[in-house]
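Subject: Handing over a structure, with notes

Dear colleague,

Here is the structure I promised to pass on to you. Please have it open while you read the notes that follow.

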Number of protein chains: 2
Amino acid sequence: MQMIDLSHPLHSGMQVYPGDPGVHLSTVLSRDADGADVTAVELGSHSGTHVDAPSHTVPGGRTVSQLALSELTGQALVIGLHGVRAGELIDWPRISDQAGHAVPRLVVLATGWDRHFGTQTYLDHPVISLDAVTGLWNRGMRLLALDTPSPDATMRTDSPAAFAVHEFLLGHDGLIVENLRGASTLPASCTIGFFPLPLAGADGAPVRAVAWLGQPPVFPPAQ
Amino acid sequence: MQMIDLSHPLHSGMQVYPGDPGVHLSTVLSRDADGADVTAVELGSHSGTHVDAPSHTVPGGRTVSQLALSELTGQALVIGLHGVRAGELIDWPRISDQAGHAVPRLVVLATGWDRHFGTQTYLDHPVISLDAVTGLWNRGMRLLALDTPSPDATMRTDSPAAFAVHEFLLGHDGLIVENLRGASTLPASCTIGFFPLPLAGADGAPVRAVAWLGQPPVFPPAQ
C-alpha cells in the first residue's frame with residue numbers, strides 16, 4: 001500500500017491562473033530573534049492544487065465551509081488521456097469507453113499536462129467539452145479533477161460559453177479540482193482524498209490531494 | 001463509519017499565537033466584474049490547526065516539504081484529560097495509565113481546551129511536562145497533537161526551558177500538531193490524518209485534520 005501526494009508545492013512566485021493573487025512566503029519570525037521560525041503566507045483561494053466551490057461562479061452557491069469531507073474522498077475513476085495535445089478538445093466519444101455505464105462520484109482526467117506546470121505552455125492546455133462533462137455527470141460524477149489549470153478554454157472573458165464547464169458543474173452544485181500533480185501515474189481505479197484548507201466562506205481553497213494505491217482505505221459514502 | 005473534521009475554520013481576525021501573522025481573507029476578483037470570485041488569503045504557517053515541522057525551532061531541521069504523508073496518518077491513541085484546568089501541568093503519572101506499555105506513532109492529548117478558542121483564556125492553557133512527553137516518546141510516539149495552542153507554557157521567551165517540549169520533540173525529529181478542534185469527542189483509539197498545506201520549505205503549515213470512526217481506513221506504515 002502506498003500514499004501518493006497529488007499536490008503541487010506552494011512556493012513564492014509560482015505559476016497561478018492569470019489575474020489571480022500571487023503566492024508569497026516570507027520568514028517573519030526567526031529562531032535567533034524570536035525562538036522559532038514562522039512564515040507569513042500570501043496566496044489565492046485557487047493557488048496550486050485546489051478545489052472550486054460552487055460559489056466560485058454561482059451566486060448563492062456553496063462555499064468551502066459547506067463542503068463535506070465525504071464529498072471529497074472516496075473511490076475514483078482515473079481516465080487516462082495520453083498523447084493529448086495543446087488546446088485539444090476532449091469530447092465524449094474520446095472518453096465514453098473508459099466511462100462505461102456508471103462512474104463513481106470522483107472522476108480524474110489524467111492528461112499529463114502537469115509536466116508543463118510553471119511554463120506558458122501549461123496555460124495552453126487541453127480542455128473538456130460540455131458534452132463529455134454532461135456524459136460523466138449523467139453517469140454519477142459529482143467532482144471532476146484535472147491536472148490542468150481549468151476544464152474550460154478561457155475563464156473570466158465576456159463570453160459565457162468560455163466557461164461552460166464551470167457553469168455546468170458548479171451550477172449543479174458539483175465540484176472541480178484543478179492543477180493536480182502526477183495524476184497520470186495513477187491506475188484506472190484508486191482511492192483519492194482532497195483535503196482543503198478550511199477557508200471560511202471562501203469560493204475555493206488549496207487542497208492536499210492524496211491517492212492511496214494497493215489496499216486503499218474505505219471512506220464513508222457521501223450523504 | 002464517520003469522518004470528523006478536527007480543524008478550526010480560518011477566518012479574518014481569528015485568534016493566532018501572540019506575535020504570529022494574522023489571518024485575513026478578502027475577495028479580490030468577483031463574479032460580476034471578473035466572471036468568478038477569488039479570495040486573497042494572508043495567514044501564518046502556524047495559523048489555526050497546524051503542524052510544527054522540526055525546522056520551526058531546530059536549525060537544519062526538516063521542513064514541511066520533507067514530511068511524509070505516512071508520518072501524518074494512521075492509528076492514534078487519544079488520551080482524555082477531562083477537567084484539566086488553566087495552566088495545569090500534565091505530568092507522567094497523570095497519563096501513564098492511559099499510555100500503557102506502548103503507544104502508536106500518533107498521540108492526541110484531548111483536554112477540551114478548544115472550547116476557549118478565540119478568547120484570552122485559550123492562551124492560559126494546560127501544558128504537558130517534559131517527563132510526560134519523554135514517557136510517550138519512549139513508548140513509540142513520534143507526533144504529539146493537542147487541542148491547545150502549545151504543549152509548552154510559553155514560546156519565544158529568553159528562557160530555553162520555556163519551550164522544552166518543543167525542543168525535545170522537534171529536536172528528536174518528531175512532530176507537533178496544535179490547535180485541534182473537537183478532539184475530546186474522539187474515542188481512545190481512532191484513525192487520524194493531518195493533511196498540511198504543501199508550503200515549500202516552511203517551518204509549519206495549516207493542516208486539514210480528520211478522524212475516521214467506525215471501520216477506519218488502514219494507512220501504510222511510516223518508513
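**Notes on the structure**

Asp173(B) counts as partly exposed, since 14 other C-beta atoms lie within 10 Å. Please keep in mind throughout that this is a predicted model. Asp173(B) sits in the loop between helix H4 (164–171) and strand E10 (175–178) of chain B, and Asp173(B) has a positive phi of about 65° although it is not a glycine. In chain A, Asp173(A) likewise has a positive phi of about 65° without being a glycine, its place is in the loop between H4 and strand E10 (175–178) of chain A, and Asp173(A) counts as partly exposed because it has 14 C-beta neighbours inside 10 Å.

**Chain A as a whole**

The secondary structure of chain A comes to four helices and twelve strands. For 223 residues, a compact globule would have a radius of gyration near 17 Å, and the 17 Å of chain A agrees with that. Taken along the principal axes, the C-alpha atoms of chain A fill a box of roughly 60 × 45 × 35 Å, and buried residues make up 52% of the 223 residues in the chain. If one takes the contacts in chain A between residues at least 6 apart in sequence, 75% of them join residues at least 24 apart.

**How the two chains are related**

Chain B is superposed on chain A by a rotation of 180° with 0.0 Å of shift along its axis, and the RMSD is 0.0 Å. The two copies are therefore related as by a two-fold rotation axis. The same surface serves both copies, in that 100% of the contact residues of chain B recur in chain A.

As for the contact itself, 55 residues of chain B are in contact with 55 residues of chain A. On the side of chain B that touches chain A, the elements that give two or more residues are strand E1 (2–5), E2, helix H1 (31–34), E3, strand E11 (189–196) and strand E12 (204–213) of chain B. The largest share of that side, seven residues, comes from E3(B).

**A sheet that includes both chains**

Four strands form an open sheet in the order E2(A)-E3(A)-E3(B)-E2(B), with antiparallel pairing. Strand E2 (24–29) of chain A and strand E2 (24–29) of chain B stand at the edges, each with a single partner strand, so one side of each is left without a neighbour in the sheet. From one strand to the next, the twist averages 15°. Strand E3 (residues 38–44) of chain A pairs with strand E3 (residues 38–44) of chain B in the antiparallel sense over five bridges, and the bridge partner of Ala40(A) in E3(B) is Gly44(B).

**Strand E11 of chain A and its partners**

Strand E11 (residues 189–196) of chain A is mostly covered, with six of its eight residues buried. Five bridges join E11(A) to strand E5 (residues 73–80) of chain A, and the two run antiparallel; here Gln75(A) stands opposite Thr191(A). E11(A) also pairs in the antiparallel sense with strand E12 (residues 204–213) of chain A, over six bridges, and in this pairing Pro196(A) stands opposite Val207(A).

**Helix H3 in each chain**

Which residues of helix H3 (residues 130–138) of chain A are buried? Ala132(A), Val133(A) and Leu136(A) are buried, and they lie on the same side of H3(A) because they cover an arc of only 95° around the axis. The face of H3(A) turned away from this buried side carries the exposed residues Asp131(A) and Asn138(A). Among the elements that cover the buried residues of H3(A) are helix H2 (92–99), strand E7 (106–110) and helix H4 (164–171) of chain A. Just after H3(A), Gly140(A) takes a positive phi of about 120°.

In chain B, Ala132(B) lies in helix H3 (residues 130–138), and Ala132(B) counts as buried because it has 24 C-beta neighbours inside 10 Å. Leaving aside residues up to four places away in sequence, Ala132(B) touches Ile90(B), Asp91(B), Trp92(B) and Ile95(B). The C-alpha atoms of Ala132(B) and Leu89(B), which are 43 residues apart along the chain, are separated by 9.8 Å.

With best wishes

Notes
Residues numbered from 1 in each chain as written. Chains lettered and ligands numbered in written order. Predicted model: local features only at pLDDT ≥ 70, side-chain atom pairs only at ≥ 80, totals over all residues. Pairing = 2+ DSSP bridges. Axes fitted to C-alpha atoms, helices over the stretch in contact; angles between N-to-C directions. Buried ≥ 20, exposed ≤ 12 C-beta atoms within 10 Å, placed from the backbone. Arc of directions from axis to C-beta. Contact = placed C-beta atoms within 7 Å. Least-squares fit on C-alpha atoms with pLDDT ≥ 70 in both. Rg over C-alpha atoms; globule rule 2.2 N^0.38 Å.
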